[in-house]
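Thanks for making the time.

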Amino acid sequence: MLDRINGLFEEAKLAIAKATTSESLYEVKVRYLGKQGSFSGILKEMGKLTPDDRKTIGKRANEVRDELESLYLSKESGLKRSELNSRLEKERLDITLPGEKRMVGSDHLVVRVTRELCEIFGRIGFSVRLGPHIEKDFFNFDALNIGPDHASRDMQDTFYIDDGVERKTGEFSPWILRTHTSPVQIRSMMTEKPPLRIMSPGGVYRSDSDVSHSPHFHQVEGFVVDENVSMADLKGTLGFFAREFFGSEVKVRLRPSFFPFVEPGAEFDASCPLCKQKGCSMCKGSGWIEIGGSGMIHPNVFKSAGIEYPKYNGFAFGMGIERIAIVKYGVTHIGAFTENDTRFLEQFRS
Ligand code: PHE
């Protein structure tokens, strides 16, 4: 029996030494040391031995089992370690490799410029109001002193909304897509008491489309209603905007012009921020760039909005957001705003 024990011992030692994975090592353990294993089989036969033999053989059997257990344990820890190492090797990360580029969205240029405008005018006390894009013709036209025969009412220029009501030819639905942000003047004056210092950015719609006009674009309206407001206040405000938005050297000039809702009315230009008035393609060599319309709010506008005039008076101005973005950021075509070309959009990460 001693020989069998020693024989099994050698066999088991060899098997432990040969095992290459912790799984196969475990099988070896089960085979030799497990409850149904070879050693247990031998130990079960011990009962048949004489007490003396049982003592010597039992001692040897215990030695062998202890030895095998400790061989097993050290082999197991070696295998586990190398298995862990090879797993770590497989999962190795090179933290010096450049990261994968993730696509992150950015604000659209119109959004960015709108934010800049709110911030600039906010600094001189303007607060922001928004108005509906689907507007009543009253707010867009009548209340702004734009009579029923004015050219801008023409279907060629204005998108009318079909409200399902049948009308005679020449009569239009009162619902339109607003053609400018000026209706916000009326809405604000009707709901708030002077003094007012309000700006209103947002989308506007006109039924024309060519290389330099898009049927949908954005404007910002600004207006002040207070006592003793003057044209000089208007020019000062526009000058502040131009310096803050385009650059500290930029000047503004007013040119007499006509809008039904202001009197006197003026278009305003900024000195070309790109060529500093040396003459370039943006200002077409003139050194000046047309920015928007402005003027002193017409008495008829105050009348329709229910503001006491001449106790109160005021100025208003409006300009195209894409227009000033084009000038400031040197955008070359209006289509860039709507084409969604990421190469364009990505340039305006803030
Ligand atoms: N609403 C005018 C336009 O769209 C701009 C403007 C606003 C002019 C305020 C004068 C005063 O062209």
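Predicted model: local features only at pLDDT ≥ 70, side-chain atom pairs only at ≥ 80, totals over all residues.

Which residues come nearest to the ligand? Of the 13 around it, they are His-180, Ser-182, Arg-206, Gln-219 and Gly-318. The side chain of His-180 has an N or O atom 3.0 Å from a nitrogen atom of the ligand. For Ser-182, an N or O atom in the side chain is likewise 3.0 Å from a ligand nitrogen. Arg-206 places a polar side-chain atom 2.9 Å from an oxygen atom of the ligand. On its own the ligand has 320 Å² of accessible area, and the protein covers 90% of that.

As for where the shell comes from, strand 5, strand 8 and strand 9 each supply at least two residues. Strand 9 gives the most, with three.

Next, Thr-181, in the loop between strand 3 (175-177) and helix 7 (183-191). Is Thr-181 buried or exposed? It counts as buried, because its relative accessibility is 0%. Its side chain makes a polar contact of 2.8 Å with the side chain of Glu-221. Beyond its sequence neighbours within four places, Thr-181 is in contact with residues including Ser-200, Gly-202 and Gln-219.

In general, nonpolar side chains in soluble globular proteins tend to be buried together. The largest nonpolar core here has 43 residues, and those touching the most other members are Leu-117, Phe-241, Phe-246, Ile-291, Met-319 and Ile-324. Among the elements that give two or more residues to this core are helix 5 (109-123), helix 8 (231-246), strand 8 (288-297) and helix 10 (321-329). Helix 8 gives the most, with seven residues. Take Phe-241 as an example: leaving aside neighbours within four places in sequence, its contacts include Leu-117, Ile-120, Ile-291 and Met-319. Apart from this core lies another, of 22 residues, with Leu-144, Ile-186, Leu-196 and Val-262 among them.

On to the backbone. Most residues other than glycine have a negative phi, and most peptide bonds are trans. One runs from Pro-194 to Pro-195, with omega near 0°; Pro-195 is in the loop between helix 7 and strand 4 (196-205). Another runs from Glu-263 to Pro-264, with omega near -5°, and Pro-264 is in strand 7.

Then there is positive phi. Lys-276 has a phi of about 50°, and Gln-277 has one of about 70°. Lys-276 sits in the loop between strand 7 and strand 8, and that loop also holds Gln-277. Lys-276 counts as partly exposed because its relative accessibility is 47%. Gln-277 is partly exposed too, with a relative accessible area of 32%.

Last, Glu-346, in the segment after helix 11. How far apart are Glu-346 and Gly-105 in sequence and in space? They are 241 residues apart in sequence, and 8.0 Å apart from C-alpha to C-alpha. Setting aside neighbours within four places, Glu-346 is in contact with Met-103 and Ser-106. At 32% relative accessibility, Glu-346 counts as partly exposed.

Note on methods: Residues numbered from 1 in each chain as written. Heavy atoms only, no water. Core = buried A, V, L, I, M, F, W, Y, C linked by side-chain atoms within 4.5 Å. Buried < 20%, exposed > 50% of the residue type's maximum accessible area, 1.4 Å probe, protein only. Helix = DSSP H or I, 4+ residues; strand = E, 2+ residues; numbered from the N terminus. Contact = heavy atoms within 4.5 Å. Near = heavy atom within 4 Å. Polar contact = N/O pair within 3.5 Å; in protein donor to acceptor, adjacent residues only side chain to side chain. Areas by Shrake-Rupley, 256 points an atom, 1.4 Å probe, with all protein chains shown as cover.
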